[in-house]
Amino acid sequence: MKKKTAMALAAAITMAFTAQVSTASAAKKTKACFVYIGPVGDFGWTYQHDQGRQAVEKAFGDEVETAYLESVPESSEAQRPIEGLARSGCNIIFTTSFNYMDPTNKAAKKFPDVKFEHATGFKREYPNVSNYSSKFYQGRYVQGQIAAKMSKTGVAGYIASFPIPEVVRGINSFILGAQSVNPDFKLKVVWVSTWFDPPKEADAAKALIDQGVDIVTQHTDSTAAMQVAAERGVLAFGQASDMIKFGPKTQLTAIIDDWAPYYISRVKAVMDGTWKQVNVWEGMAEGNVVMAPFTNMPDDVAKMATETVAKITSGELEPFTGPVMKQDGTVWLKAGERADIGTMLGMNFYVKGVDDKLPQ
Amino acid sequence: MDLVVIVSVIISVCAASTPLLLAATGELVVERSGVLNLGVEGMMIIGAVTGFAMAQVTGNPYLGALAAIAAGAFFSLLFAFLTLSLATNQVATGLALTILGLGLSGMIGEGFVGQPGIKMEAVNIPFLTDIPVVGKLLFGQDVIFYSSLILVAAVSWFLFRTRAGLMLRSVGDNPQSAHALGIPVIRTRYLAVLFGGACSGLAGAHLSLVYVPQWVEGMTAGRGWIALALVVFASWRPARVLVGAYLFGAVTIAQFHAQALGIPIPAQFLTSLPYLATIFVLVLIARNRRMTLINTPASLSQPFVPDR
């Protein structure tokens with residue numbers, strides 16, 4: 001961890017120098033900067049954010065300049081790299097992991113003229129901080145339905161990273177989707193306490209499969225679990241990007257995060273001087289959450305999945321609609337009641353059917 | 001759990017332990033010669049990227065593994081030159097080697113990101129592999145796994161049963177005396193460091209060719225540091241490196257099973273178990289001071305400059 005900080009710092013310092021040179025020569029260029037949790041080559045979460053960055057470059061050509069820092073550790077260790085970017089002349093900074101939340105807000109206080117955009121969090125302590133996220137849980141619901149149809153053992157495995165609302169929401173949505181098809185469906189959850197550690201993710205997948213799981217889904221960033229599933233001959237869902245290359249006969253579908261529309265619109269707002277604080281949470285309807293093609297399943301399952309996607313897109317279906325009970329059996333949502341946005345964003349409990357105790 | 005599942009779990013443990021065992025065994029030889037190379041993580045990741053790249057280009061994972069061995073050794077040569085020929089500080093140079101390796105591997109591997117790799121398939125010996133239950137465990141794993149076991153045995157035999165091994169240990173304990181006796185201290189240390197580099201390279205190849213056949217930046221994720229800890233954990237004895245590596249691998253795998261079985265222990269605690277176990281054993285070892293002293297290479301990490 002220490003080495004990574006050192007590298008990120010070194011990168012920030014170098015960038016500070018180069019940036020000063022370039023802003024002097026081309027004062028009108030808008031500079032958009034990105035802070036990533038993993039390497040851009042993770043082929044998952046960070047990869048998709050970087051695709052968004054590249055889309056920004058493509059959309060604005062010479063009018064924009066971008067920069068990024070990869071493998072930046074979370075929490076307080078992210079403070080200096082983020083501030084380094086702000087100091088280097090970035091006009092807008094996207095911090096793309098949950099635990100950059102406090103460092104982003106602190107940096108926003110110090111640099112009131114820089115716009116900050118924090119992904120997947122909920123704190124906006126200063127007017128120059130926005131929050132944005134996507135409703136990935138919508139995709140999880142579809143996956144849950146597919147899993148319940150495709151599983152022979154009736155048990156799916158879920159490789160989870162950290163017990164933050166984003167992840168918990170995904171797990172709950174998955175099990176609700178599965179239960180809508182098979183009320184007795186079970187879900188085993190394994191926490192790996194990392195976003196990115198391919199061998200560890202592989203270990204977790206192996207353990208789940210050995211425990212009788214025949215569908216693997218993950219909320220971590222590498223393709224390792226997909227490869228293990230392929231090797232063991234079970235089915236799996238891709239995460240963040242289309243991972244079909246790593247499991248041509250294994251991947252059922254994948255939730256693809258498409259950040260490009262949001263990034264382009266926000267950078268445009270900075271250019272036009274119309275940037276305002278927002279709290280954006282978009283999903284299938286807006287095109288931010290896209291499902292990879294439904295593969296390795298019979299036509300009727302694919303048809304069901306396509307219909308569910310259409311219903312979620314139109315707003316007809318909302319995964320968190322009652323009746324839903326919490327894990328302890330108490331009622332959370334009465335029949336027909338939809339979850340309010342606050343509870344959804346801060347979700348810290350399991351719904352009924354998850355075979356795990358939520359780490360606190 | 002039935003027998004088949006148990007065997008499957010044991011095979012997972014073998015896979016988790018093999019890279020640690022390889023890297024730690026190599027580092028043990030290095031440290032026995034009196035050199036502390038903290039660059040294991042860097043050499044390992046250089047091995048991982050080279051092995052993967054070579055396998056992708058040639059289509060042969062075995063050539064990949066050989067390339068990884070060569071790359072690890074070649075990379076450690078840099079460390080050897082700086083610390084042995086120029087007598088730089090070993091700790092600082094080793095750390096620099098790790099940082100360099102992590103960065104350099106990212107650069108080399110840039111074009112290979114996102115490609116499904118070629119997996120080194122498990123061996124398949126007719127009849128033997130087909131023996132029910134134990135066949136796959138004993139005769140159905142990958143070549144690197146078998147190499148790691150042979151390597152530990154060979155290193156143990158070399159260090160304690162051969163004249164050359166005795167010379168290497170004497171260089172690590174008292175380079176001045178060894179030098180006076182006419183033992184080529186610097187050359188011995190060079191060879192030891194190269195051997196360590198080769199082992200780390202192979203450990204890296206295991207990650208990118210067997211464990212998860214893909215290349216991603218930083219995929220060693222700290223395993224080099226664990227290998228370093230294992231050497232101390234083993235108090236510089238090869239057999240104990242074997243025990244340590246497998247203990248670590250077993251705890252790593254067991255924590256996921258405990259979670260999947262729903263054993264009500266906090267996940268964070270389970271995840272930290274392998275590290276806690278390491279610290280616990282280190283404390284136990286440190287308590288027995290005489291045993292530690294007998295096995296610790298007396299001149300560990302001290303540069304040797306002849307005729308000074």
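This is a predicted model: local features need pLDDT of at least 70, side-chain atom pairs count only at pLDDT 80 or more; totals for chains, interfaces and linings use all residues.
1. Domains of chain A. The domain assignment divides chain A into domain 1, residues 2-134, and domain 2, which is made of residues 136-256 and 288-355. The centres of domain 1 and domain 2 of chain A, taken over C-alpha atoms, are separated by 30 Å. Their contact draws on 13 residues of domain 1 and 15 residues of domain 2. On the domain 1 side, helix H2 of chain A (residues 45-60) gives the most, with four residues. By class, that side of domain 1 has six nonpolar, six polar and one charged residues.

2. The six-stranded sheet. Chain A holds an open sheet of six strands in the order E2-E1-E3-E4-E5-E11, with parallel pairing. Strand E2 (64-69) and strand E11 (279-282) of chain A each have a single partner strand, so one side of each is left without a neighbour in the sheet. From one strand to the next, the twist averages 15 degrees.

3. Strand E5 of chain A (residues 129-134) pairs with E11(A) in the parallel sense, over four bridges. Within this part of the sheet, Asn131(A) has Asn279(A) in E11(A) as its bridge partner.

4. The seven-stranded sheet. Another open sheet in chain A consists of seven strands in the order E12-E10-E9-E8-E6-E7-E15, and its pairing is mixed. Its edge strands are E12 (289-291) and E15 (354-355) of chain A, each of which pairs on one side only. Strand E10 of chain A (residues 251-257) pairs with E12(A) in the antiparallel sense over three bridges. Ile256(A) stands opposite Val290(A), a residue of E12(A).

5. A helix pair in chain B. Two packed helices are described by the angle between their axes and the distance between the axes. For helix H2 of chain B (residues 40-58) and H4(B), the angle is about 20 degrees and the axes are 7 Å apart. H2(B) is therefore roughly parallel to H4(B), as angles under 35 degrees count as such. The crossing of H2(B) past H4(B) is left-handed.

6. Residues between these helices. In H2(B), the residues that meet H4(B) include Met43(B), Ile45(B), Ile46(B) and Val49(B). Among their counterparts in H4(B) are Leu97(B), Leu100(B), Leu104(B) and Ile108(B). The contact of H2(B) with H4(B) has, by class, 11 nonpolar, four polar and one charged residues.

7. The contact of the chains. Chain B has 36 residues in contact with 34 residues of chain A. At least two residues of the chain B side come from each of helices H1 (3-32), H4 (90-108), H9 (185-211), H11 (238-260) and H12 (267-287) of chain B. The largest share, six residues, is supplied by H11(B). By class, the side of chain B that touches chain A has 21 nonpolar, 14 polar and one charged residues.

Key
Residues are numbered from 1 along each chain as its sequence is written. Chains are lettered from A and ligands numbered from 1 in the order in which they are written. Two residues are in contact if their C-beta atoms, placed from the backbone, lie within 7 Å. Ala, Val, Leu, Ile, Met, Phe, Trp, Tyr, Cys and Pro count as nonpolar, Asp, Glu, Lys and Arg as charged, and the others, Gly among them, as polar. Axes are lines fitted to C-alpha atoms, for helices over the stretch in contact, and angles run from 0 to 180 degrees between N-to-C directions. Angles under 35 degrees count as roughly parallel, over 145 as roughly antiparallel, 65 to 115 as roughly perpendicular and the rest as oblique. A crossing is left-handed if the near helix is turned anticlockwise from the far one by less than a right angle, and right-handed if clockwise. Two strands pair if DSSP finds at least two bridges between them. Domain bounds come from an automatic or database domain assignment.
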